[in-house]
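Hi everyone, thanks for making time for this. I'd like to walk you through one structure, and please stop me whenever a term is new to you.

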Amino acid sequence: MRVLVVEDERRMAAALKRGLQAEGFAVDLAHDGEDGLHCARTGEYDVVVLDIMLPKLSGYNVCKQLRAEENWVPILMLSAKDGEYDMADGLDLGADDYLAKPFSYVVLVARLRALLRRGGTRRPAVLRAGDLSLDPARRLVARGEAPVELTPREFSLLEFLMRRHDEVVSKSEILEHVWDTYDTDPNVVEVYVGYLRRKIDTPFGRNTLQTVRGAGYRLVGDGN
């Protein structure tokens with residue numbers, strides 16, 4: 001398995017390379033964010049170990065750009081900070097795991113192997129359906145460049161539908177995932193779908209949130 005380590009502390013980078021090679025990995029090194037981004041774009045890597053505090057381009061920005069380009073290589077972020085907000089920022093930008101320095105080398109290798117078992121599956125940081133976008137981390141929704149204001153429940157409903165876009169989802173599925181219960185009156189789904197249509201479709205002359213009679217609802221990318 002081929003690993004890219006992006007770490008500006010050269011002694012640590014060299015130590016990681018020696019240790020990972022001893023575990024049977026093929027390892028390439030990059031010592032700044034720009035070089036790391038270039039390597040990740042052009043190389044065929046199974047996993048990337050990415051420091052956050054890097055010269056030229058931060059690890060956050062490297063991760064963000066890779067995900068924006070739909071590069072889904074698994075990323076494990078390293079940081080000298082162990083604050084929960086730093087961890088949340090990295091994961092929200094599309095990283096798959098996070099380790100704070102100093103870390104256990106045994107745990108690092110175990111987490112890399114776990115990421116390799118999972119593989120590089122699609123997990124965009126910003127959800128899109130046509131020109132409709134939803135950023136779960138920043139709680140922002142937009143139709144093109146126009147912001148759309150939603151209530152928390154409307155936001156949750158739209159996020160669920162966008163994660164399943166182009167699929168038909170039933171009222172019971174929506175109740176389970178958005179209301180976390182089967183006991184709520186199913187008609188509440190219809191009510192909130194109506195609220196959502198009046199905000200994401202009607203003002204823009206769209207029909208992206210569609211009713212599939214007898215089956216449920218479907219969010220499509222192109223609802224012109």
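Let's start with a pair of charged side chains. Arg 163 and Glu 159 meet through their side chains in a salt bridge, with 3.0 Å from N to O. Before I go on, please keep in mind that this is a predicted model. Where do these two residues sit? Both belong to helix H6, four residues apart, which is about one turn of the helix. Glu 159 has a relative accessible area of 17%, so it counts as buried, the cut-off being under 20%.

Arg 164 forms a salt bridge with Glu 167, and their closest N and O atoms are 2.7 Å apart. Are these two buried or partly exposed? Arg 164 counts as partly exposed at 21% relative accessibility, and Glu 167 is partly exposed too, at 39%. Salt bridges can also share partners: Glu 7, Glu 9, Asp 51 and Lys 101 are joined into one network that way.

How many salt bridges are there in the whole structure? A search finds 17. One of them brings together the side chains of Arg 143 and Asp 131, at 2.8 Å from N to O. This pair links distant parts of the chain, since Arg 143 is in strand S8 (residues 140-143) while Asp 131 is in the loop between S6 and S7, 12 residues apart. Arg 143 is buried, with a relative accessible area of 4%, whereas Asp 131 is partly exposed at 29%.

Leaving out residues up to four places away in sequence, Met 162 touches Leu 127, Arg 128, Ala 129, Leu 132, Ser 133, Leu 134 and Leu 219.

One more residue before we zoom out. Ser 79 lies in strand S4 (residues 75-79), and at 2% relative accessibility Ser 79 is buried. With residues up to four places away in sequence left out, Ser 79 touches Asp 51, Ile 52, Tyr 98, Leu 99, Ala 100 and Lys 101.

Finally, the overall picture. The protein has eight helices and 12 strands, and its C-alpha atoms fill a box of roughly 60 × 35 × 30 Å along the principal axes. Of its 224 residues, 43% count as buried. The protein exposes about 11900 Å², with carbon and sulfur atoms supplying 48% of that. On the charge side, there are 31 positive and 36 negative side chains, and the centres of the two sets lie 2 Å apart. And among contacts between residues at least 6 apart in sequence, 55% join residues at least 24 apart.

Methods:
Residues numbered from 1 in each chain as written. Predicted model: local features only at pLDDT ≥ 70, side-chain atom pairs only at ≥ 80, totals over all residues. Heavy atoms only, no water. Contact = heavy atoms within 4.5 Å. Salt bridge = Lys/Arg side-chain N within 4 Å of Asp/Glu carboxyl O. Helix = DSSP H or I, 4+ residues; strand = E, 2+ residues; numbered from the N terminus. Buried < 20%, exposed > 50% of the residue type's maximum accessible area, 1.4 Å probe, protein only. Areas by Shrake-Rupley, 256 points an atom, 1.4 Å probe, with all protein chains shown as cover. Lys, Arg positive; Asp, Glu negative; His and termini not counted. Charge placed at Lys NZ, Arg CZ, Asp CG, Glu CD.
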